Amino acid sequence: MLVVMRQDATAEQIAGVVRAIEARGFKAHAIPGAQRTAIGITGNRGAVDRPVFKSLPGVLEVIPVSHAYKLVSREVKPENTVVRVGEVTIGGDRLAIAAGPCAVESLEQTLTVARAVRRGGANLLRGGAFKPRTSPYSFQGLGEEGLRILAAAREETGLPIVTEALDTESVDLVERYADVIQVGARNMQNFSLLKRCGKARKPVLLKRGLAATLEEFLMSAEYMLAEGNYDVILCERGVRTFSDFSRNTLDLAVVPAVKALSHLPILVDPSHGTGRRDKVAPMSRGAVAVGADGLILEVHHDPDAALLDGPQSITPPQFEGLVRELRQIAPILGRTL
Ligand code: PEP
Ligand code: MN
């Protein structure tokens, strides 16, 4: 249910509605808009008594939200959400480019890649300190040491860092270092992790699960908004299909679908989405063309020696060339880079 306030509603009237919602044991989510404030109601099991809220001072109307997801939907918030990470914005006119290695391997490797992507035009640094691996015998990441290395790279380059939290136990630690907490594809329906990230005070990058429908994807984001974290960035990273020419099938069509249904920003990850270096640039160009708010790219200065995901990592010169192309494509779409 959504309580839409009148344009001239006062802060006291808004607070009064919030109190009335909370007094009934529900959760109130005030969503300021360009024209007026709306207040989402969640936590109700049955119907909400509409006339009660309709009669409160400052209320224009009380409308049911038809989708299963509420707070992420455009019904509740028509304007795009712009997530701020320091000076970087995600979801506004400017495209966000997160780039960096799949995994933090060493200080030297991370600094080398961080400097290169900074020079090439990235505005965020990506890199995993905790890695979700299919095999328990594979390199699992450097853990806290990796987070310290990322912090050093941020210190030197000024780039905010995006890094993954694998489980509820590690969120405290990751939250201390990260500027954006990544929830990986395999964790998209790890509901306890989603709830914990919903309590985090840092933005969250939520990657689409390997077999997730659009509704499941949005419902996972809803978990975090329902807990009070409204700074959620979606990420399409490819889904598993019968197609065998690429690691995953990058579902670019989900970008306009998300844009129609949700106000949240969405990035595209063509590295995991294709698994092949030569496909990263064309799919990146496509992602920007279909309306993505930016990209997350794996870049490595020596991909053949990379501990993880070398075959899909582009080199710094390839990254620079791609950003140059995107700078030409962006203005056609009313975006900057
Ligand atoms: C990653 O970004 O390195 C990663 C593991 O991604 P995903 O969760 O999409 O596989
Ligand atoms: Mn990877």
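This is a predicted model: local features need pLDDT of at least 70, side-chain atom pairs count only at pLDDT 80 or more; totals for chains, interfaces and linings use all residues.
Several side chains approach oxygen atoms of the ligand. For Arg-237, a side-chain N or O atom is 2.6 Å from an oxygen atom of ligand 1. The side chain of Lys-131 places an N or O atom 2.8 Å from a ligand oxygen. For Gln-182, a polar side-chain atom and an oxygen atom of ligand 1 are 3.0 Å apart. On its own, ligand 1 has 290 Å² of accessible area, and the protein covers 97% of that area.

Elsewhere, two helices pack together. Helix α3 spans residues 107-120, and helix α4 spans residues 144-157. Their axes lie 9 Å apart, at an angle of about 35°. The crossing is right-handed. On the α3 side, the contact is made by Leu-107, Thr-110, Leu-111, Ala-114, Arg-115 and Arg-118. Helix α4 contributes Ile-149, Leu-150, Ala-152, Ala-153, Glu-156 and Thr-157. By class, seven of the contact residues are nonpolar, two are polar and three are charged. Among the residues in this contact are Arg-115 and Arg-118 of α3 and Glu-156 of α4.

Asp-309 lies between β14 (294-298) and α11 (316-332). The phi angle of Asp-309 is near 55°. This value is positive, in a residue other than glycine.

Terms used: Residues are numbered from 1 along each chain as its sequence is written. Chains are lettered from A and ligands numbered from 1 in the order in which they are written. Side-chain values use heavy atoms; hydrogens and water are left out. Axes are lines fitted to C-alpha atoms, for helices over the stretch in contact, and angles run from 0 to 180 degrees between N-to-C directions. Helices (H or I, at least four residues) and strands (E, at least two) are DSSP runs, numbered from the N terminus. A crossing is left-handed if the near helix is turned anticlockwise from the far one by less than a right angle, and right-handed if clockwise. Contact means heavy atoms within 4.5 Å. Ala, Val, Leu, Ile, Met, Phe, Trp, Tyr, Cys and Pro count as nonpolar, Asp, Glu, Lys and Arg as charged, and the others, Gly among them, as polar. A polar contact is a pair of N or O atoms within 3.5 Å; within protein, one must be able to donate a hydrogen and the other to accept it, and residues adjacent in sequence count only if both atoms are side-chain atoms. Accessible areas come from the Shrake-Rupley method with a 1.4 Å probe; for residues, only the protein chains shown count as cover.
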